[in-house]
Amino acid sequence: MYSTKPALVYGFHGLDEDVAFKILNQQDNLLPSTNDYDLLGTGIYFWENNLERASQYAELDSKRQATKIIKPFVLGALIDLGNCLDLLDQKHLDFLTFAYSEMRRSLEEQELPLPSNGQFGQNDFDFRKRELDCAVIRYAHQLACNDGEIFDSVRAAFWEGETLYEGAGFRKQNHIQIAVLNPNCIKAVFLPRKRIDYKS
């Protein structure tokens, strides 16, 4: 009953510059990621209100061997989260725990292995393989759908990077990630502007 988020949020998406301008000119669309290791399952990924992290991501991704990013760039988007599987909400955390239990039981009955989270390599900029998390979120979507509910988006916080200072509980790359499943939730895409010094 309280899953719908009433506010619009800014999201930022790191990608190749040529692709970005095709999207801006309505010659192409943002496409969902469908990898088995995606943090939040299938969806179009955004950094919530975090232009800088989207830019960092695009730069780092451009250095990977299998990258599609030749010239790192960032697009902004205005997003209506709609019916959101919000992992900052206790009821959805409880639901994900339930989905994990059900998925694990099902896999055990089929004598199939449980996926696990890992990483691709040892470099600091290598992205994490979240095969377990991806599978659980996809299973949660399936359970919800079987119960007549469809989620438009998924939202979660991630604590990443080195600590900000000795003994800190904060990290240098903390962020909130959004995966949009329903493309109609993306109300607009835009070219982020640079700040202009303003004095009245």
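User: Are α3 and α4 roughly parallel or roughly perpendicular to each other?

Analyst: Two packed helices are described by the angle between their axes and the distance between the axes. This is a predicted model, in which local features need pLDDT of at least 70, side-chain atom pairs count only at pLDDT 80 or more, and totals for chains, interfaces and linings use all residues. Residues are numbered from 1 along each chain as its sequence is written, and side-chain values use heavy atoms, without hydrogens and water. The axes of α3 (residues 90–109) and α4 (residues 131–146) come within 9 Å and cross at roughly 100 degrees. The two helices are therefore roughly perpendicular (65 to 115 degrees).

User: Which residues of α3 meet α4?

Analyst: Contact means heavy atoms within 4.5 Å. Phe95, Leu96, Phe98, Ala99, Tyr100, Glu102, Met103 and Ser106 in α3 meet residues of α4 including Leu132, Ile137 and Leu143.

User: Is histidine 92 buried or exposed?

Analyst: Histidine 92, found in α3, counts as buried because its relative accessibility is 5% (buried means under 20% relative accessible area, with a 1.4 Å probe and protein chains only). Its side chain reaches the backbone oxygen of cysteine 84 at 3.5 Å, and a polar atom of that side chain lies 3.0 Å from the backbone nitrogen of aspartate 86.

User: How many residues has the largest nonpolar core?

Analyst: A nonpolar core joins buried Ala, Val, Leu, Ile, Met, Phe, Trp, Tyr and Cys residues through side-chain atoms within 4.5 Å. The largest has 22 residues, and Leu40, Leu85, Leu87, Met103 and Ile137 have the most contacts inside it. Its largest share, seven residues, comes from α4.

Methods: Axes fitted to C-alpha atoms, helices over the stretch in contact; angles between N-to-C directions. Helix = DSSP H or I, 4+ residues; strand = E, 2+ residues; numbered from the N terminus. Parallel < 35°, antiparallel > 145°, perpendicular 65-115°, else oblique. Buried < 20%, exposed > 50% of the residue type's maximum accessible area, 1.4 Å probe, protein only. Polar contact = N/O pair within 3.5 Å; in protein donor to acceptor, adjacent residues only side chain to side chain.
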